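Please read them with the structure open.

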Amino acid sequence: MSRVRASVKNRTLLAVWVLEVALLMLSVLLAAVLRFRHDPVGLEVFSQGMALRAVLVALCITGAMAAFGLYQVHLRHRWTDLALRLMLSFGFGGIGLLVLYYVLPFTYMGRGVLLMSLATGFAALLLFRVLLFHVLATDVFRRRVLVFGAGENADLINQRMRRRSDRQSFVVVGFVPIPGQALHVDSSLLASGEDGLAGLVERLQVDEIVVAPDERRGALPMDAMLACAQRGVAVTDLSTFFEREAGLVTLKIADPSWLVFSGGFDHSLPRRLSKRCFDLAAALLLLAIAWPAMLAVAVCIWFEDGRPLFYRQTRVGEGGRNFDLIKFRSMRTDAEADGVARWAKAGDDRTTRIGRFIRLTRLDELPQLFNIIRGEMSFVGPRPERPQFVDMLDQQLRYYSIRHSVKPGLTGWAQLRYPYGASVQDAEEKLKFDLFYVKNQRLLFDMMILLQTVEVVVFQRGSR
């Protein structure tokens, strides 16, 4: 059922993308009509290739929007944030179009039409997003969720998903207390009645029951839940609910049986081949584009602090095997003269001047492309940690070793959803997102993460 619900959300995003592509294509048509309103011959000539030009504009702009996180399933943008991301998307998309026109001159549409297309397209998409937010924010379009349980586990929904932006796709109509289990949910949120669970579901017009007891043994009214399921009401485990709605695996409530039977963990041959081909193609392409920047960084490091230019550090990779990770050196050569491994912290005084810049812009990580080409890393995956930290975290954090079932990545889901980790608590939060990625890894998911990494670099999130 969770897969079905997740696919519904993905289909909604697909529908949004299709509508926005149509709006952008219409903006090109409108711009052409306005530009050639006094020149019928010019309009006729332009219309011969207008379909191709309109498609290219739509794909470039929506591709940039994806890179700035505007097609995330777990969207949490304020209005100012939305406007800024949309402006950056049109800016980067416009630059992409100019590069495309240079490579393929026959696709060029003229400055006047292009500028009017971008202006009308921006206004149309901003208005569409505002209307979409107001429509989807109404309870009519949100699932009505009844939580069976009112204890510590059930209250995690209020703690982890308390903001309205966290509940865009559902509304909690109440929590059902379980006899003999402690109450942690505020009494004003409780829902109960003499007509039992089935009657309560019918009275509150519930679409989904989230099962969240603190103790399962003898606490679940299976006959009543079966009756609800027969009426089309979805019955969902709390772990699955968090995975679907928050994009993470909650360590506290996820038990081994749920990890085994909930699906995911695709390590099939087609998946491994597609991931390896994707890694090689993306790494070689980025290397071909970024080598001048890499050369400039190397020269700057040499001028400021001399050699070595690169920094090799042992990290833990797939299957717990160690490998040497390569980065541009961003700290002084005596940063760990005492041999003690330390997490980098904000304003770290061990960082050089050029080091601060390349860490903020993530240029220090470009040499890891060679780790990807050698097969030690993937483009997308959990960030590799040092053996000293892995040994410590493996003892303190449940399921930590699961993140080593895939290759570590240059970027990843945790890097998009959580800032730089510099403590055990941070590592625990990032592990929730890493486990979600390990369970749900797909080629399309990798491409989405790679696109949204542009947003991380531009806004300098998680850099230290």
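1. Two terms come up below. Contact means heavy atoms within 4.5 Å. Angles run from 0 to 180 degrees between N-to-C directions. Keep in mind that this is a predicted model.

2. Start with the sheet. Its 4 strands form an open sheet in the order β2-β1-β3-β4. The pairing is parallel. In general, strands of a sheet pair through backbone hydrogen bonds, either parallel or antiparallel. Here β2 (170–176) and β4 (234–237) stand at the edges, each with a single partner strand, so one side of each has no neighbour in the sheet. Direction ignored, neighbouring strands are turned by 25 degrees against each other on average.

3. Look next at one strand pair. Strand β3 (residues 208–211) pairs with β4 in the parallel sense, over 4 bridges. Find I209: it stands opposite V235 in β4.

4. Helix α7 lies across β1 (143–148), β2 and β3. Its direction runs at about 155 degrees to β1. Helix α9 (residues 238–246) also packs on the sheet. α9 touches β1, β2, β3 and β4, and its direction makes about 90 degrees with that of β4.

5. How do α7 and α8 pack against each other? Helix α7 covers residues 196–203, and helix α8 covers residues 222–230. They pack at an angle of about 30 degrees, with their axes 8 Å apart. Angles under 35 degrees count as roughly parallel, so α7 is roughly parallel to α8. On the α7 side, L197, A198 and V201 make the contact. They meet A224, M225 and C228 in α8. By class, this contact has 6 nonpolar, no polar and no charged residues.

6. Turn to another helix pair. Helix α3 (residues 50–67) and helix α4 (residues 79–103) have axes that come within 8 Å. They cross at roughly 135 degrees, which means that α3 is oblique to α4. The crossing is right-handed.

7. Which residues of α3 and α4 make the contact? From α3 come L56, V57, C60, I61, A64 and M65. From α4 come L86, S89, F90, F92, G93, G94, L97, L100 and Y101. These residues divide into 12 nonpolar, 3 polar and no charged.

Terms used. Residues are numbered from 1 along each chain as its sequence is written. This is a predicted model: local features need pLDDT of at least 70, side-chain atom pairs count only at pLDDT 80 or more; totals for chains, interfaces and linings use all residues. Side-chain values use heavy atoms; hydrogens and water are left out. Helices (H or I, at least four residues) and strands (E, at least two) are DSSP runs, numbered from the N terminus. Angles under 35 degrees count as roughly parallel, over 145 as roughly antiparallel, 65 to 115 as roughly perpendicular and the rest as oblique. Ala, Val, Leu, Ile, Met, Phe, Trp, Tyr, Cys and Pro count as nonpolar, Asp, Glu, Lys and Arg as charged, and the others, Gly among them, as polar. Two strands pair if DSSP finds at least two bridges between them. A crossing is left-handed if the near helix is turned anticlockwise from the far one by less than a right angle, and right-handed if clockwise.
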